[in-house]
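Please look at the structure first, then read the points in order.

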Amino acid sequence: MDTDVRTVRVAKILTRSSGYLTGVTSHSLQPYRGCTYGRSLCGVACYVQHHGLVTRGRPWGSFLEVRENAAESYRARGGFSIFLSSATDPFVPQERRFGITRALLDAMLDEPPDALIVQTHVAEVARESARLRALASRCALRVHVSIESDRDRLPGLPPPAASVERRLAALRALREAGVFAVATVAPLWPIADPDAFFRRIAECADAVVIDHFVGGDGSADGARTLRTALPGVMEALSPGSTRLAYRDEMVAAARAVLPGQVGVGHDGFAGRYT
């Protein structure tokens, strides 16, 4: 299936945070609408596929709107905190061509927000280590790289957009550049060897956030994710992993390795670690 890629202009690039992001940042920012990683493993249970205002009936992963005036729109704002981004990956493959996220980072270097969280599923974020290091001296910055499990593949589901090894390497590169690097195990999938997994994260990241699709996908009981193929695969791999009790087990395993550096759910995304 071809991907429909088109450039658009937006009146406002910033959206006031609501729902899950309330209390995490004041605003979210989407350099693109849609996400061309939607057909990879992270897209199988991506919460945004249920957001009708974003998809407008289109299959998730089949479209990308490139917001060509994103940096220009960003410059017309005041002080606040930003989540970049909640409904698309800021480092989709087309970022190499269009450079919308890079332009936004440059705009933020000129006019920094008070705080910035960069959230991605891919290792390409490490290409911007120099910009992010410079930005970290101008605002409170955290870079989140999603690593949902120590498994690169889940049976019957598409491959990930980036391997576990590459994402761990990206976290290491960011931390070595002086950027606060966070592994987001979100949404949590079955982990084959929790102790080894969290020890690897401890070698690469400053903190870890663990979140489950129950309560984390925008529905109290995980109903959105339960409509996808992911829960069945999770249960086949690790019975009970679709329940919050599994999250609590993994939180305990993480805290045994990273005491004081583990965030859970909403509090974790807000930067509160215990």
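1. Basis. This is a predicted model, in which local features need pLDDT of at least 70, side-chain atom pairs count only at pLDDT 80 or more, and totals for chains, interfaces and linings use all residues. Residues are numbered from 1 along each chain as its sequence is written, and side-chain values use heavy atoms, with hydrogens and water left out.

2. Largest pocket. A pocket here is an open set of points on a 1 Å grid over the protein atoms alone, with protein on both sides within 12 Å along at least five of seven lines; lining residues have an atom within 4 Å of a point. The largest pocket holds about 1,300 Å³ of space. Its lining has 49 residues, and Leu21, Tyr47, Val48, Ser86 and Ala87 are the closest to its centre. Strand 2 (14-16), strand 4 (32-34), helix 1 (41-44), helix 2 (52-55) and strand 7 each give two or more residues to this lining. Helices (H or I, at least four residues) and strands (E, at least two) are DSSP runs, numbered from the N terminus. By class, the pocket lining has 20 nonpolar, 20 polar and 9 charged residues. Ala, Val, Leu, Ile, Met, Phe, Trp, Tyr, Cys and Pro count as nonpolar, Asp, Glu, Lys and Arg as charged, and the others, Gly among them, as polar.

3. Cavities. How many cavities of 30 Å³ or more does the structure hold? There are 2, a cavity being a set of grid points where a 1.4 Å probe fits but cannot get out. A volume is the space filled by probe spheres set on the points, which are joined across faces, edges and corners. The largest cavity has about 40 Å³, and its lining includes Cys42, His121 and Ala161.

4. Helices 7 and 8. Helix 7 (residues 164-176) and helix 8 (residues 194-204) pack at an angle of about 30°, with axes 8 Å apart. Axes are lines fitted to C-alpha atoms, for helices over the stretch in contact, and angles run from 0 to 180 degrees between N-to-C directions. The contact (heavy atoms within 4.5 Å) involves residues including Leu168 and Leu171 of helix 7 and Ile201 and Ala202 of helix 8. By class, it has 6 nonpolar, no polar and 5 charged residues.

5. In helix 6 (residues 129-136), Ser129, Leu132 and Leu135 are buried (under 20% relative accessible area, 1.4 Å probe, protein chains only). They lie on the same side of helix 6 because they cover an arc of only 125° around the axis. The arc is that of the directions from the helix axis to the C-beta atoms. The buried residues pack against helix 5 (100-110), strand 7 (115-120), strand 8 (140-146) and helix 7. Leu141 is in strand 8 and counts as buried because its relative accessibility is 8%. Beyond its neighbours within four places in sequence, Leu141 contacts residues including Leu132, Leu135 and Ala136.

6. Helix 10. Leu230, Pro231, Val233 and Met234 are buried in helix 10 (residues 230-237). Their arc of only 160° around the axis puts them on the same side of helix 10. Helix 1 and helix 9 (223-226) are what these buried residues pack against.

Key: Buried < 20%, exposed > 50% of the residue type's maximum accessible area, 1.4 Å probe, protein only.
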